[in-house]
Amino acid sequence: MIIFELLPGLLPGVRITLLLTALSASLALIIAFIVGFARLSKYRPVRFLATVFVEFFRGTSLLVQLFWAYFVLPFFGIELTAMQAGVLTLGLHYGAYASEIVRSSILAIPKGQTEAGISLNMTRVQIMQRIILPQAFLRMLPPFGNTFIEMLKGTSLVSLITLSDLMFQGVMIRSTTLRTTETFALVLLLYFIIAIPFTLGVRWLERTLVRGRA
């Protein structure tokens with residue numbers, strides 16, 4: 001079967017795509033909470049810088065950002081490998097989107113929860129850790145899942161900066177076998193298969209946390 005002929009050549013790309021997605025998602029998650037909290041800071045300069053960061057990365061093309069990281073930064077003395085450029089760009093880009101999820105989820109918690117914590121003589125940090133974040137995190141999970149699936153799909157762009165991900169391998173196999181339909185149909189299927197655990201994992205975690213709070 002054609003699938004058994006094409007699949008071995010695509011598997012190295014699958015490994016690169018999984019590694020790139022895992023590293024980028026980890027970076028994006030860190031950035032999301034840092035920038036999300038910065039957007040809620042009582043200090044105006046901190047809020048301003050966080051807002052500029054979010055609007056810049058949301059308002060510019062991911063592809064252009066990748067090209068800047070890989071092709072332009074070397075002119076300023078910053079040399080990045082294709083993997084480093086991919087992780088950095090994807091992490092910053094999707095971290096900016098995810099930071100809005102963090103901010104809006106925290107703001108969605110009724111102010112009465114904070115007032116209750118103050119009445120119990122809890123500090124702001126304790127209120128955030130013990131009252132606000134546990135509730136806000138449940139609100140964050142579904143949009144986080146959607147964002148990371150979008151990130152997985154966005155990894156296909158790194159093929160344009162020579163990283164041998166799934167899409168890059170698909171293009172190479174197509175150019176040597178000329179089996180365009182079969183190759184890209186299999187690439188499409190592999191992206192779908194990779195995305196399924198993300199979706200199911202988020203749903204499982206959400207159900208687990210809800211049961212834990214019941």
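**View 1. Thr-155, a buried loop residue.** Thr-155 has 0% relative accessibility, so it counts as buried. The model shown here is predicted. Where does Thr-155 sit? Thr-155 lies in the loop between helix 6 and helix 7 (166-177). Leaving aside neighbours within four places in sequence, Thr-155 is in contact with Thr-17, Leu-20, Thr-21, Leu-90, Asp-165 and Tyr-191. Val-87 is 68 residues away from Thr-155 along the chain. Yet the C-alpha atoms of Thr-155 and Val-87 are separated by 9.2 Å.

**View 2. The whole chain, for orientation.** How many helices and strands does the chain have? The count is eight helices and zero strands. Read along the sequence, the pattern is α-α-α-α-α-α-α-α. The C-alpha atoms fill a box of roughly 70 × 45 × 20 Å along the principal axes. The chain has 214 residues, and 38% of them count as buried. Now take the contacts between residues at least 6 apart in sequence. Of these, 74% join residues at least 24 apart.

**View 3. Helix 3 against helix 4.** Helix 3 covers residues 62-72, and helix 4 covers residues 82-107. Their axes come within 9 Å and cross at roughly 140°. Helix 3 and helix 4 are therefore oblique to each other. The crossing of helix 3 with helix 4 is right-handed. Which residues meet here? Helix 3 brings Leu-62, Gln-65, Leu-66, Ala-69 and Tyr-70. Helix 4 brings Ala-82, Ala-85, Gly-86, Thr-89, Leu-90, His-93 and Tyr-94. By class, the contact of helix 3 with helix 4 has eight nonpolar residues, four polar and no charged.

**View 4. Helix 4 against helix 6.** The axes of helix 4 and helix 6 are 8 Å apart, and the packing angle is about 145°. This crossing, too, is right-handed. From helix 4, the residues in the contact are Leu-90, Tyr-94, Ala-98, Ile-101, Val-102, Ser-105 and Ile-106. Their partners in helix 6 include Met-128, Ile-132, Met-140, Phe-144 and Gly-154. Also among the helix 6 partners are Arg-139 and Glu-150. The contact of helix 4 with helix 6 divides into 14 nonpolar, three polar and two charged residues.

**View 5. The largest nonpolar core.** In soluble globular proteins, nonpolar side chains tend to be buried together. The largest nonpolar core here has 30 residues. Which members touch the most other members? They are Leu-20, Met-140, Phe-144 and Val-158. Helix 1 (2-39), helix 3, helix 4 and helix 6 (124-154) each give two or more residues to this core. Helix 4 gives the most, with ten residues.

**View 6. Leu-20 and its neighbours.** Residues up to four places away in sequence are not counted here. Leu-20 touches Met-83, Gly-86, Val-87 and Leu-90, among others. Thr-155, Val-158 and Leu-163 are also in touch with Leu-20. There is a second, separate core of twelve residues. Leu-152, Leu-166, Ile-173 and Ile-194 are among its members.

**View 7. Phe-148 in helix 6.** Phe-148 belongs to helix 6. Is Phe-148 buried or exposed? Its relative accessibility is 14%, so Phe-148 counts as buried; the cut-off is under 20%. Phe-148 touches Ala-25, Ala-28, Leu-29 and Phe-198, not counting residues up to four places away in sequence. Phe-56 is 92 residues from Phe-148 in sequence. From C-alpha to C-alpha, Phe-148 and Phe-56 are 19 Å apart.

Methods:
Residues numbered from 1 in each chain as written. Predicted model: local features only at pLDDT ≥ 70, side-chain atom pairs only at ≥ 80, totals over all residues. Heavy atoms only, no water. Axes fitted to C-alpha atoms, helices over the stretch in contact; angles between N-to-C directions. Helix = DSSP H or I, 4+ residues; strand = E, 2+ residues; numbered from the N terminus. Parallel < 35°, antiparallel > 145°, perpendicular 65-115°, else oblique. Left-handed = near helix turned anticlockwise from the far one by under 90°. Contact = heavy atoms within 4.5 Å. Nonpolar A, V, L, I, M, F, W, Y, C, P; charged D, E, K, R; others polar. Core = buried A, V, L, I, M, F, W, Y, C linked by side-chain atoms within 4.5 Å. Buried < 20%, exposed > 50% of the residue type's maximum accessible area, 1.4 Å probe, protein only.
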